[in-house]
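Visitor: Hi, I'm new to this one. Could you walk me through it?

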Amino acid sequence: MLEIKDLHVRIAEDETEIIRGLNLSVAAGEVAAIMGPNGSGKSTLSYVLSGKEDYEITQGSITYNGENLLDLDVSERAAAGLFLAFQYPVEIPGVPTMTFLKEAMNAQRKQRGEDELTTPEFIKRVRAAAAALKIDFNMLKRPVNVGFSGGEKKRAEILQMSLLEPKLCVLDETDSGLDIDALKVVSDGVNMLRDPSRAVIVITHYQRLLDHIVPDTVHVLSKGQIVKSGDKSLALELEEKGYADIISAAA
Amino acid sequence: MTMTAHTPRILTDGETVLMAAYDSAPPADHNEARTTAINALRELGLPTRRLEAFHYTDLRALLRGKYKIAERPSEEDARAIGTGFPRLVEDASVLHFRDGHYFDWGDELPKGILVDAQLPAPAGADDAVARINTAFASSGASITIQANAEVEKIVGIAHAHTGAEDTVAAMRTCIVAESGSSCRLIDRAVGKNDVFYLHSSLVDLDIKDGATVNYVLSIEEGDAAQRLAQFNVTMGETATLNLFILNAGGKLVRQEINFDVMGEGANLNISGVNLVGGEAHIDVTSRITHHVPDTNSQETFRNVTTGRGRGVFQGQINVRQAAQQTDARMACNTLLLSDDCDFSAKPELEIFADDVQCAHGATVTDIEESYMFYLMARGISETRARRMLIKAFVAEIVEELEDQPLIEALERRIDIWMEQHV
């Protein structure tokens, strides 16, 4: 589903190279965890996948379902089924959450050549998804993320993910700022979406999240490269020995 | 014997054609007021930019074209034009004006409202905008809201230009809200795109003691049209005015709004949305004068500027020496969306009392990039995301109207503007 080859990325503004020759392959149905210390390039990878403009791809390729992902702009990528769950979801005053959700869902339906959702059908889907994630429906009457706690924002991200039914989900440190109960709710939400046709990339610092969302593969990112790959046991090894040991052994 | 030699001032193109429009076919009631007005125009001309109030809007340069006074359109044309502009609210009693002429189509007026569909006596400030109105007005109406009448049903004052090229369509409305009354008015001006015309509108609104007026001014002139308009308000004791202005049309709009707060305890709320795109020049010039103690005014405008649009907001607040305990607040926030557009905001305070609270602020911003990224990361196209954020910026003001059907109708107008310009 996703094939990243020899990717080099720098920050457009100051030309600092962040990703330095990254290779990664994620298959449909796979849950891949990307772990790494601060500054290893984890968040940059998620932004590059989603198409944020502040980065410059200097070398390499990203192929998504046989298509060159880099040819698509942010909204086209999302409409093509790529979903980024933000580490820090923004609050957007004045844009009602329901209007936003409907607009987003219909944008993707339009892309797929489907009719727009009727209002009752839309409401029904949102209610069901909100209930599954223990989100108070009244919260969705507020503007996008406005006044949400850290945990509520993360749950709202997963709500969007479940409504948009993406093919490739990228979770950028979804566990940060979550208490144990919220972590469980969010993880359950992600697990519900596990599907043979869907791939998930879980970006995280800590093994803890991977107790709940059990990955098929684990990749260690350091200085902009994948330095080691393995199965879920690699995450446990990281937890035990720390990044420094694994990275120096891999180098 | 002394001889005084007058060198006649050379008229600008705009002045010449305006004079010609009057001289070639003056109105049938070619009375003294009209003659005085046209002679003053002839002598003093249009205002220059040296006049502070016209600093950003050079009428001498902008007012050009051919003009003749619009004739009364046929009943058929007058009715036909309305179908292109659906009403903002269904349940309203409407006074219909077409090309400056009044049409009585038998709309039943709500109880407590009296209308005399005669041209009211000349009014307004002693300036070019009022003079043009006095010289050219074809018709008008005097509206009285009777003392203590609480009129729920909306009364509409609807002007539509039917599409006669190169015409001046002028009208005048005089409204008196008698003491203790309350009413809701919608004053709307529409016109076809690509048709050059000048619409002159002058409204005099007198709000007596304890009366409340909710007034919506929706300016939706055609995209080639010019509008010179004045809205003059006098407020009595504990009188309240809630005024909302939407600017969503016109190539050249000069909308003057003047308020004299004459009665203690009066309460003035002005809010508005100015949408400035294409080649439009939209100027809202406001003057609020607090004459007496213990009154307050709030004025908030949100502006969206794009294309090669040029927007102007001048907001003057005068607090007279007697007007202690005045509370006056003004805010003007602008989104600038293109490299070729601009917006001039000029707040002005003139305070002669020493125990008052006055605040003003103006901001200019672009659309927040992180919001755009978030919306687009959910599959919403760049254009749709941009529109959602513009809408969010202006909707905050519209939604204060507390009348859901009206809010939705105005938001639809904003959507239509965005479809054309964003």
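Visitor: How much of strand S17 of chain B is buried?
Guide: Nine of the 10 residues of S17(B), residues 310-319, are buried. A residue counts as buried if 20 or more other C-beta atoms lie within 10 Å of its own, as exposed if 12 or fewer do, and as partly exposed in between, with C-beta atoms placed from the backbone. Strands are DSSP runs of E with at least two residues, helices are runs of H or I with at least four, and both are numbered from the N terminus. One caution: this is a predicted model, where local features need pLDDT of at least 70 and side-chain atom pairs count only at pLDDT 80 or more, while totals for chains, interfaces and linings use all residues. Residues are numbered from 1 along each chain as its sequence is written, and chains are lettered from A and ligands numbered from 1 in the order in which they are written.

Visitor: Which strands pair with S17(B)?
Guide: Strand S15 of chain B (residues 281-290) pairs with S17(B) in the parallel sense over 10 bridges. Strand S19 of chain B (residues 342-351) also pairs with S17(B), in the parallel sense and over 10 bridges. Pairing here means that DSSP finds at least two bridges between the two strands.

Visitor: What sits opposite what there?
Guide: B:Val284 has B:Phe313 in S17(B) as its bridge partner. B:Gly311 stands opposite B:Phe343 in S19(B).

Visitor: OK, new topic. What is the strand order in the 10-strand sheet of chain B?
Guide: The order is S3-S2-S6-S8-S10-S12-S14-S16-S18-S20; the sheet is open and the pairing is mixed. At the edges are S3(B), residues 101-103, and S20(B), residues 357-365, each pairing on one side only. On average, neighbouring strands of this sheet are turned by 10° against each other, direction ignored.

Visitor: And S16(B), how many of its residues are buried?
Guide: Seven of its 10, so to speak of it in a word, S16(B) is mostly covered. S14(B) pairs with S16(B) in the parallel sense over 10 bridges, and B:Val273 stands opposite B:Arg302 in S16(B). S16(B), residues 296-305, is also joined by 10 bridges to S18(B), residues 327-336, and these two run parallel. Between them, B:Gln298 stands opposite B:Arg329, and B:Glu299 has B:Met330 as its bridge partner.

Visitor: Which strands does helix H7(B) lie across?
Guide: H7(B) lies across S14(B), S16(B) and S18(B), and runs at about 160° to S16(B). The axes are lines fitted to C-alpha atoms, for helices over the stretch in contact, and angles go from 0 to 180 degrees between N-to-C directions. Contact means that the C-beta atoms of two residues, placed from the backbone, lie within 7 Å.

Visitor: How many residues does each chain give to the contact between chain A and chain B?
Guide: Chain B gives 18 residues and chain A gives 19 residues. On the chain B side, helix H6 (369-376) and helix H7 (382-398) are the elements that give two or more. H7(B) gives the most, with eight residues.

Visitor: Last one: how many helices and strands does chain B have?
Guide: Chain B has eight helices and 20 strands. Its radius of gyration is 21 Å, close to the 22 Å from the globule rule for 422 residues, so chain B is as compact as a globular protein of that length. That radius is taken over C-alpha atoms, and the rule is 2.2 Å times the number of residues to the power 0.38. Of the 422 residues, 50% count as buried.
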